[in-house]
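Welcome! Please take a moment to look over the sequence and the structure below before reading on.

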Amino acid sequence: MNKKKKPFLGMPAPLGYVPGLGRGATGFTTRSDIGPARDANDPVDDRHAPPGKRTVGDQMKKNQAADDDDEDLNDTNYDEFNGYAGSLFSSGPYEKDDEEADAIYAALDKRMDERRKERREQREKEEIEKYRMERPKIQQQFSDLKRKLAEVTEEEWLSIPEVGDARNKRQRNPRYEKLTPVPDSFFAKHLQTGENHTSVDPRQTQFGGLNTPYPGGLNTPYPGGMTPGLMTPGTGELDMRKIGQARNTLMDMRLSQVSDSVSGQTVVDPKGYLTDLNSMIPTHGGDINDIKKARLLLKSVRETNPHHPPAWIASARLEEVTGKLQVARNLIMKGTEMCPKSEDVWLEAARLQPGDTAKAVVAQAVRHLPQSVRIYIRAAELETDIRAKKRVLRKALEHVPNSVRLWKAAVELEEPEDARIMLSRAVECCPTSVELWLALARLETYENARKVLNKARENIPTDRHIWITAAKLEEANGNTQMVEKIVDRAITSLRANGVEINREQWIQDAEECDRAGSVATCQAVMRAVIGIGIEEEDRKHTWMEDADSCVAHNALECARAIYAYALQVFPSKKSVWLRAAYFEKNHGTRESLEALLQRAVAHCPKAEVLWLMGAKSKWLAGDVPAARSILALAFQANPNSEEIWLAAVKLESENDEYERARRLLAKARSSAPTARVFMKSVKLEWVQDNIKAAQDLCEEALRHYEDFPKLWMMKGQIEEQKELMEKAREAYNQGLKKCPHSTALWLLLSRLEEKIGQLTRARAILEKSRLKNPKNPGLWLESVRLEYRAGLKNIANTLMAKALQECPNSVKSFTRTWPLKHFNEAGSDLIPCGSHCCAGCWVGDSGDATLELHRQQHVAWCRVCRLYMLFWSERKITKAREWFHRTVKIDSDLGDAWAFFYKFELQHGTEEQQEEVRKRCESAEPRHGELWCAVSKDIANWQKKIGEVLRLVAGRIKNTF
């Protein structure tokens, strides 16, 4: 086997051997033959190796060291100790012995340096002093003179001469650059000197030269393609108009650039100088430069375009505001010479000139502008005599007979008869002037006025004022049946002539007729246009808004017409009848209100409030039998109605018919038993001092309506009145078990405990009430008042802070703006709110919509009440009274606002003002308010009228200014 083994196996291949080359194989190289795709000089990627084992940085350092090995043998790098460019042994290995040697040498150098340090520093200091002595600073050279300045007196200092201006004369007195406009001939002359020949010799065109088929040189053969700028100079022609336009454009750009120095605007309107320069009155030296710049600018404008009127006017205004009136007159007169056809220039000249000279200027202006209305008007204004004015205006009408302004000015100076004659001529010259036609109709008799208005309609068929004036004319002469026809014909005619009927404009015209006393006309216009342009589903809402708008504009007849029309369209709408009734109650008479209510109950017999309003109107008028008959009819239409039963009871009790009231209540309890009926029964017996009957009725009522909190309140208050505190406490506690969310019950129980001296128990009750009724501002406020009445102001402050955190958006949160000293001992606030008041003011639970409405109204009242209190405290009586009026307007149902208003008038007003406040309060019939309810709900005041209650509440207000 060994003999057969080839001798070359296992031996290395000879040098230059390529496998397969002898048999023609070309061979190839794979990735495994050449290794990874990396240059041989690339460093190894060992970035994560330990610091001592990394080769990337070490390799870079080695390469840098290899580069440093190339020594620079330049003589500048030779050192006596180190030789060329460093140590001779820097390339050798740096061993530990070398490091020790370097440390020893460094210590020696440091030691030697310390030995020589004092001598070296002393030598450097001496050298610096010697240098400063040889070359001292300017400050040191004059130091001795500066010290002597302290001895200079004020007279010697003032006698020092001023330094003169060393500049030459040209620098001291610079001359402004003069700008002279270049004439157009200059451009034309120099343009021809440098022109080139662009035309071809005729002989060349004759013998086969370049023949241009279109005349005019290099003009384009297609129309509309010529450049609108300057023509080609080669043609030898120059469009000077284009140059002028370009020059004007350049001037506009310059005006825009310097506009800030004239008036502070960004864009300059040349005509705007008339008004802009009015504000350029120099009040201090800082305006002088601006005036100079403006004068220079305007001078350039005048020289550039002398026929530009605003430039002359602005220049004259500038000189006028700077006090140079004569210069302004001279400038404007020169402007009249340069611009004789400008109205503004002549009017400005007449304004600047004195009286007689102004007349001469105006006469000259008339010769240049015989058709100018403004100049004639100015001429008439300059005349002081009426005859002269008439003469001027009549002369003007000869030249300008179609000027409405001149005719109006002339007619105003005439007597009625002469004015009528002039207006007859005026409408012939100006047949399209509505004002002249209407003025003539007012001066004519009835028959002639009708003819005049007919002619006016023929000449101006598209104006509505003529038709309205015709209707007012018929009404003024007692022909009211024609008013409706005229208005209807007006609508038809205007539509036929393509006029759009604008509903808002017609309503405004109706309001003007109302203010003028033309009631029939305004009502006819309202009926004609009230339904135009309104969708069917929006009619009621829109008409009610229109009625409110008319009332706000004091157009009561227009509002009455709107309500009448709405009631014709919606005869069964209770809300429309109710609003119309309130309108008549506030702005109409008792007769009109009663007539309206009779029609209302005929169309809406189930509307209890309409019956009650009618009965109350009769009762207030003193007609008690009529009121009873109305209530009887109401019983027939609404049997077993609680409101009507209670109204009948109130009618009898107010008229001292207590037995009839008791019988009515007994019938109501048997036929229509409700909690309110029982409550009124208990109250009637209570105020009549029938305590036993009242308690029996209260017990009976509580058996049926134990969740009605007012019954529990009345039971407890009756016991409290009898001074049976234990029974009163028991009644309140039983009521709270049935009605735990009644704030008034919690307040009554707390005040009862406070009254008998149990302050701790009262505090506990209020805390328990806040747990059962979170975020209740009334309970929080009562807690604060309790602590304040007890003299614990710190605890009161703490509770107020907690209350504001828990009820930040409450009506009561306004109290944070007032110190706690404004809470008086009676438990009333300086600025009370009627939402959560005394026990007798509560109706329903806290979610009642009525209470929510009152709450929103009181929010608005609380926002303005502080203002009148502030003005009152500062003795600003007029402003305080103003804000009182606004307050009672925001919420007329809040009795406390009326009480404060009346208290204010008692202190600072007259008897008439006090009486006015009292009457307004009686008309408003307020029912809410903390102080108000505390007085009005008191049993002792149950028969008091509103005026008497107002006086009592005003007398209880302690915190006055």
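This short report visits a helix, a patch of charge and a pair of arginines.

## Before you start

Please keep in mind that the model you are looking at is predicted.

## Helix α13

Let us begin with helix α13, which covers residues 309–321. At 1.5 Å a residue, its 13 residues should span 18 Å, and its end C-alpha atoms are 19 Å apart, which agrees.

How much of α13 is covered? The helix is mostly covered, as 12 of its 13 residues are buried. Just after α13 you will find G323, which takes a positive phi of about 95 degrees.

## A patch of positive charge

Now turn to the surface, where R111, R115, R116, R119 and R123 gather in a patch of positive charge. One of these arginines, R119, is found in helix α3, residues 96–134.

Is R119 buried or exposed? R119 has a relative accessible area of 60%, so it counts as exposed, because the cut-off for exposed is over 50%.

## R503, a buried arginine

R503 is found in helix α25, which covers residues 503–516. Its relative accessible area is 8%, so R503 is buried; the cut-off here is under 20%.

Notes:
Residues are numbered from 1 along each chain as its sequence is written. This is a predicted model: local features need pLDDT of at least 70, side-chain atom pairs count only at pLDDT 80 or more; totals for chains, interfaces and linings use all residues. Side-chain values use heavy atoms; hydrogens and water are left out. Helices (H or I, at least four residues) and strands (E, at least two) are DSSP runs, numbered from the N terminus. The expected span of a helix is 1.5 Å times one less than its number of residues. Buried means under 20% relative accessible area, exposed over 50%, partly exposed in between (1.4 Å probe, protein chains only). Patches are made of residues with over 30% relative accessible area and no salt bridge: like charges are joined within 9 Å, nonpolar side chains (Val, Leu, Ile, Met, Phe, Trp, Tyr) within 5 Å. Accessible areas come from the Shrake-Rupley method with a 1.4 Å probe; for residues, only the protein chains shown count as cover. A salt bridge is a side-chain nitrogen of Lys or Arg within 4 Å of a carboxyl oxygen of Asp or Glu. Lys and Arg count as positive and Asp and Glu as negative; His and the chain ends are not counted. The place of a charge is taken as NZ of Lys, CZ of Arg, CG of Asp or CD of Glu.
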